[in-house]
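Hi,

Here is the structure I said I would pass on to you. Have a look at it first, and then read on for what turned up.

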Amino acid sequence: MTKKRLPTFHGVPSPLIYRDGGIDLIDQRQLPSKLVVLRITDYVDLADAIREMKVRGAPAIGIAAAYGIVLGMQEEVKRTDLVDRFAQVSAELRGTRPTAVNLFWAITRLERIFQRHKNDRPASLREALLTEAKQIHEEDVKGNQCIGRHGSAILPQDARVLTICNAGFLASGGYGTALGVVRAAWKQGKLSMVYVCETRPLFQGSRLTAWELSREGIPFQLIIDSAAGYLMAKGRIDAVLAGADRITQNGDVTNKIGTYALAVLGDHHRIPLYVAAPTSTIDASLGTGDEVPIEERDGEEVRAPLGVQLAVQGARVWNPAFDVTPARLVSAIITERGVLRPPYHMRTEN
Ligand code: MRU
């Protein structure tokens, strides 16, 4: 087992940090068996890391893309070629994954800085881009700590919650969104159990969420995804806690495939679904979830999960990575600014 120290940012573990002209990035494909921290200095390698899900989770890929722009613009480029270079770097990063809006939101923020500083001295331009990327990172960590406090306040005492995928520190700048709520509730003595859906086909629940919880001694039990309904029927869940990849103007929530099924089951059993997400996940330019581009991934992830051949070779597979939960099934959206309740009228403020 390769042992490496976790990157930390503003005192909390983070999936990636910028250091001395490069990025230290946890390779999440290798967790939990190996903690490998990659060193990335080239923006194309960073784009590959997002595509291959070495870094994943909506806020984390936004932050990664922001640092990716910094890497792409740090090489010496002739002043006349700067605009073309920025276009090339941002197009490469925009083309990595289509669903999480945080990626596009972060690149747009860097683009504004580029426009403002493109005629400055190259060193000043680079400094301004790096400062903005670090600012996005810091805002995310602080925002998640607020999400944690707001979310914990609406949970009952001794809460038993159900989670899907990984919306922890690994999926964000640090601290986590849905797991930020779990962390805050645990610290306040309000939490009794986290049920963790394994989250096929890439197992972000069993590989990543369980790893995060076990590191901190937070009590959890893993379940197979299809056990969620029976667990609810047994009266063992007080709330479903999920993250989000994009929230549209009407409050529809796009998140990891399986979230919609949990929402329908929760509705049937009168269990609330709380979605924890920073405002950078809101895309008010889209009216409803029907307009969100849903990533469909390679069928090999389902035929041979984590490389273990389970299905006949060549079996046809439909493998959407996300689904859309209609707003009417979302009991509350917990943001860094407070808790929103239906009816939702989302605005993009940045
Ligand atoms: O495909 P992934 O692992 O990037 O999907 C991640 C999720 O769906 C998370 O729930 C979402 O990005 C929120 S992370 C704070």
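This is a predicted model: local features need pLDDT of at least 70, side-chain atom pairs count only at pLDDT 80 or more; totals for chains, interfaces and linings use all residues.

Let's start with the ligand. Which parts of the fold supply residues to the shell around it? Helix H2 (58-72) and strand E11 (253-256) each give at least two. There are 17 residues around the ligand, and the ones that come nearest are Ala58, Arg97, Asp245, Asn255 and Lys256.

Now zoom in on some atom pairs. In the side chain of Lys256, an N or O atom is 2.8 Å from an oxygen atom of the ligand. For the side chain of Asp245, the corresponding distance from an N or O atom to a ligand oxygen atom is 2.9 Å. Gly57 uses its backbone instead: one of its N or O atoms there lies 3.0 Å from an oxygen atom of the ligand. How much of the ligand does the protein bury? Taken alone, the ligand exposes 420 Å², and the protein buries 99% of that.

Next, a few backbone spots to look up in the loops. Most peptide bonds are trans, and most residues other than glycine have a negative phi.

- The peptide bond from Leu31 to Pro32 is cis, with omega near 0°. You will find Pro32 in the loop between strand E4 (22-26) and strand E5 (37-40).
- Arg200 and Pro201 are joined by a cis peptide bond as well, with omega about 0°. Pro201 is in the loop between strand E7 (191-197) and helix H7 (204-216).
- Tyr175 has a positive phi, near 75°, and is not a glycine. Its place is in the loop between strand E6 (159-163) and helix H6 (178-187).

Happy exploring, and write back with any questions.

Cheers

Note on methods: Residues are numbered from 1 along each chain as its sequence is written. Side-chain values use heavy atoms; hydrogens and water are left out. A residue is near a molecule or strand if one of its heavy atoms lies within 4 Å of it. A polar contact is a pair of N or O atoms within 3.5 Å; within protein, one must be able to donate a hydrogen and the other to accept it, and residues adjacent in sequence count only if both atoms are side-chain atoms. Accessible areas come from the Shrake-Rupley method with a 1.4 Å probe; for residues, only the protein chains shown count as cover. Helices (H or I, at least four residues) and strands (E, at least two) are DSSP runs, numbered from the N terminus.
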